[in-house]
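Q: Got a model open here. Can you walk me through how the helices pack?

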Amino acid sequence: MFERFTKDARAVVMGAVEHAEGAGAGSVDTEHLLLALLEREGSRASFALAALGLAERGDAVREALGEARRRAGLSQADAEALAGLGIDVSEIVARVEEVHGVGAMSGDRKDKGWWSGRRSFGRGAKEILEKALRIAVARRDRHVGDEHILLALTIRPGVPGEVLADHGVTYESVTRVLYGGGEAKAAG
């Protein structure tokens, strides 16, 4: 599958691996793909993110991802659903962190050198990469670019998609910026 990935898409994948390693995560997940996308410059996805105003709000996105990690990866929608059942996620997080320290529910490992082999990709990250390929094929694009990874992140339920939507980055808005529809169009 990776033979169809552009240089930018491969850079996102490698950046995601670096983010996972830096966090001490056991596998590369969707949030690592989003973090890697936020760092890109001069690519179609970076153009779309800048056009949608996310380039200036990257810190807010990182903060929102960090808060979700503190909630053990629960999205805000998940936390609200649990609140409807009388379960206060923020209270649970506060109690766990009181006993075990800040970030105890994040799943990050304190001993960052614990893994010496290659990072595996979690189910969510694999789904994003497969979905990016499907989006490229559906659009009749010959290669999978970082813009397809961004589009895939916007349509998959979960924390990255929710964070992007909270910042005005949706499948529709990215498609409009990249492929036309009244706004600027990224060069192919």
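A: Here is a quick tour of the packing.
A: This is a predicted model, where local features need pLDDT of at least 70, side-chain atom pairs count only at pLDDT 80 or more, and totals for chains, interfaces and linings use all residues. Residues are numbered from 1 along each chain as its sequence is written, and side-chain values use heavy atoms, with hydrogens and water left out.

Q: Why is helix 8 largely enclosed?
A: Nine of the 10 residues in helix 8 (146-155) are buried, so the rest of the structure largely encloses it. Buried means under 20% relative accessible area with a 1.4 Å probe, protein chains only. Helices are DSSP runs (H or I, at least four residues), numbered from the N terminus.

Q: Which helices do its buried residues pack against?
A: Among them are helix 1 (7-23), helix 2 (30-39) and helix 7 (123-138).

Q: And what does I149 touch, sequence neighbours within four places aside?
A: I149 is in contact (heavy atoms within 4.5 Å) with F5, A9, V12, L37, I128, L129 and A132.

Q: How do helix 8 and helix 9 cross?
A: Their axes, lines fitted to C-alpha atoms over the stretch in contact, come within 7 Å and cross at roughly 95°. Helix 8 and helix 9 are therefore roughly perpendicular; that label covers 65 to 115 degrees. L150, L153 and T154 of helix 8 meet P160, G161 and L164 of helix 9.

Q: New topic. What sits over the ring of Y179?
A: The charged end of R139, 3.4 Å from the ring centre. The cut-offs are CZ of Arg or NZ of Lys within 6 Å of the centre and within 35 degrees of the ring normal.

Methods
Buried < 20%, exposed > 50% of the residue type's maximum accessible area, 1.4 Å probe, protein only. Helix = DSSP H or I, 4+ residues; strand = E, 2+ residues; numbered from the N terminus. Axes fitted to C-alpha atoms, helices over the stretch in contact; angles between N-to-C directions. Parallel < 35°, antiparallel > 145°, perpendicular 65-115°, else oblique.
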